[in-house]
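Okay, thanks for making time for this one.

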Amino acid sequence: MGTAMIGKFEYDKWTMCKYMYSIVKKQAAEGRLYAAICASPAVAFGSWGLLKGLKATCYPSFMEQLSSTATTVESRVQQDGNAITSRGPGTTMEFSVALVEQLFGKDKADSVKGPLVMRSNPGDEYTIAELNTVEWVSDDPPKVLVPIANGSEEMETISIVDVLRRAKAEVIVASVEDTKETVGSRKVKIVSDMLLNEASKLSYDLIVLPGGLPGAKKFGSSETLVEMLKKQKSSNKPYGAICASPALVLEPHGLLEVSSLAVLPYLMP
């Protein structure tokens with residue numbers, strides 16, 4: 001069994017938590033896995049003396065602090081002995097797959113990694129081709145709607161909301177179910193800001209749909225959501241979808257007019 005710590009900038013809570021300290025120290029002493037990402041390798045593991053003589057990485061602005069307690073490397077994910085460290089939000093998927101590999105083996109890690117459609121070389125530069133150019137401008141912080149349903153893919157949902165809120169967009173998460181609490185495809189509970197019926201009274205600069213097969217099917221059967229998407233299109237405002245949602249929501253309702261699109265591989269025509 002392993003112990004993993006997420007990173008956050010209220011890092012003093014980690015270093016001052018005597019319970020977490022004792023758990024991870026015992027883990028290391030017993031030769032078991034322990035892992036951390038973002039600021040936590042420096043401010044928790046480093047300050048607890050758990051990285052002495054080991055190679056480790058962390059969030060860039062904490063690398064100097066980490067250098068006093070470990071041999072720093074700029075790897076996206078670094079394993080040395082039983083310690084696994086990683087850099088930050090953008091390396092979370094690779095970090096998670098590395099944990100799976102250590103706990104279950106490479107075959108299991110590969111079977112998990114495949115459906116996630118992860119890039120084979122995450123550190124490489126890449127470009128995005130925009131086929132139907134849209135002017136993405138807004139005088140005020142853009143208002144974005146992210147619908148969610150039971151069975152929505154939680155990783156996609158949270159990543160979309162997180163990144164847009166970091167950019168200072170006003171993001172509203174709206175449930176298409178009868179309650180604000182939904183259960184994702186991996187049984188993670190998410191509480192929405194409001195129900196879709198309430199959200200439909202507002203206008204949005206962008207509507208973006210997460211995937212997840214059951215959730216996408218629910219989106220496609222929601223008359224309210226489909227009508228909102230059609231209104232978005234007729235107003236020449238952006239809308240987007242990921243994973244199963246382009247195939248199960250946008251295409252069946254005539255919301256795609258381009259010959260090229262990206263979709264979950266097994267739903268490709």
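So, what we have here is a protein chain with 11 helices and 13 strands. Keep in mind that this is a predicted model. The protein chain has 269 residues, and 39% of them count as buried. On contacts: if you take those between residues at least 6 apart in sequence, 60% join residues at least 24 apart.

Let's go to one of the sheets. What is the strand order in the open sheet of 5 strands? Reading across, you get β11, β8, β7, β12 and β13, with parallel pairing.

Strand β7 covers residues 143-148 and runs parallel to β8, with 6 bridges joining the two. If you want landmarks, look for isoleucine 148, which sits opposite serine 175 in β8. Proline 147 is another one, with alanine 174 in β8 as its bridge partner. To get from β7 to β8, the chain goes through helix α7, residues 154-166, and that β-α-β crossover is right-handed.

β7 also pairs with β12, again in the parallel sense, this time over 2 bridges. There, leucine 145 stands opposite isoleucine 207 of β12. Then there's helix α10, residues 223-234, which lies across β7, β12 and β13 and runs at about 135° to β12. So is β7 enclosed or open? It's largely enclosed by the rest of the structure, because 5 of its 6 residues are buried.

Let me zoom in on a couple of residues around here. Isoleucine 172 is in strand β8, which spans residues 170-175. Is isoleucine 172 buried or exposed? Its relative accessible area is 7%, under the 20% cut-off, so isoleucine 172 counts as buried. What does isoleucine 172 contact, leaving aside its neighbours within four places in sequence? You'll find Lys143, Val144, Leu145 and Val146 on the list, plus Asp193, Met194, Leu202 and Tyr204. One more distance for that residue: alanine 199 is 27 residues away in sequence, and the two C-alpha atoms are 7.9 Å apart in space.

The other residue is threonine 157, in helix α7. Threonine 157 is buried too, with a relative accessible area of 1%. Not counting residues up to four places away in sequence, threonine 157 touches Val146, Ile148, Ser152, Ile190 and Pro210.

Okay, over to a pair of helices. In general, we describe two packed helices by the angle between their axes and the distance between the axes. For helix α5, residues 92-104, and helix α6, residues 106-113, the angle is about 145° and the axes are 7 Å apart. Their crossing is right-handed. From α5, the contact takes in Val97, Val100, Glu101 and Phe104, and α6 brings Lys106, Lys108, Ala109, Val112 and Lys113. By class, that contact of α5 with α6 comes to 5 nonpolar and 4 charged residues, with no polar ones.

A quick stop at another strand pair. Strand β2, residues 34-37, pairs with strand β6, residues 83-86, in the parallel sense over 4 bridges. Alanine 36 has threonine 85 in β6 as its bridge partner. As for the side chains of β2, Tyr34 and Ala36 point one way, Ala35 and Ile37 point the other, and all are buried.

Most residues other than glycine have a negative phi. Which way does valine 117 go? Its phi is positive, near 55°, and you'll find valine 117 in the loop between α6 and β7. Lysine 187 isn't a glycine either, and its phi is positive at about 70°. That lysine 187 sits in the loop between β9, residues 181-183, and β10, residues 189-191. With a relative accessible area of 69%, lysine 187 is exposed.

That's my tour, so let's open it up for discussion.

Notes: Residues are numbered from 1 along each chain as its sequence is written. This is a predicted model: local features need pLDDT of at least 70, side-chain atom pairs count only at pLDDT 80 or more; totals for chains, interfaces and linings use all residues. Side-chain values use heavy atoms; hydrogens and water are left out. Buried means under 20% relative accessible area, exposed over 50%, partly exposed in between (1.4 Å probe, protein chains only). Contact means heavy atoms within 4.5 Å. Two strands pair if DSSP finds at least two bridges between them. Axes are lines fitted to C-alpha atoms, for helices over the stretch in contact, and angles run from 0 to 180 degrees between N-to-C directions. A crossover is right-handed if, with the strands pointing away from the viewer, the path from the first strand over the helix to the second runs clockwise. A crossing is left-handed if the near helix is turned anticlockwise from the far one by less than a right angle, and right-handed if clockwise. Ala, Val, Leu, Ile, Met, Phe, Trp, Tyr, Cys and Pro count as nonpolar, Asp, Glu, Lys and Arg as charged, and the others, Gly among them, as polar.
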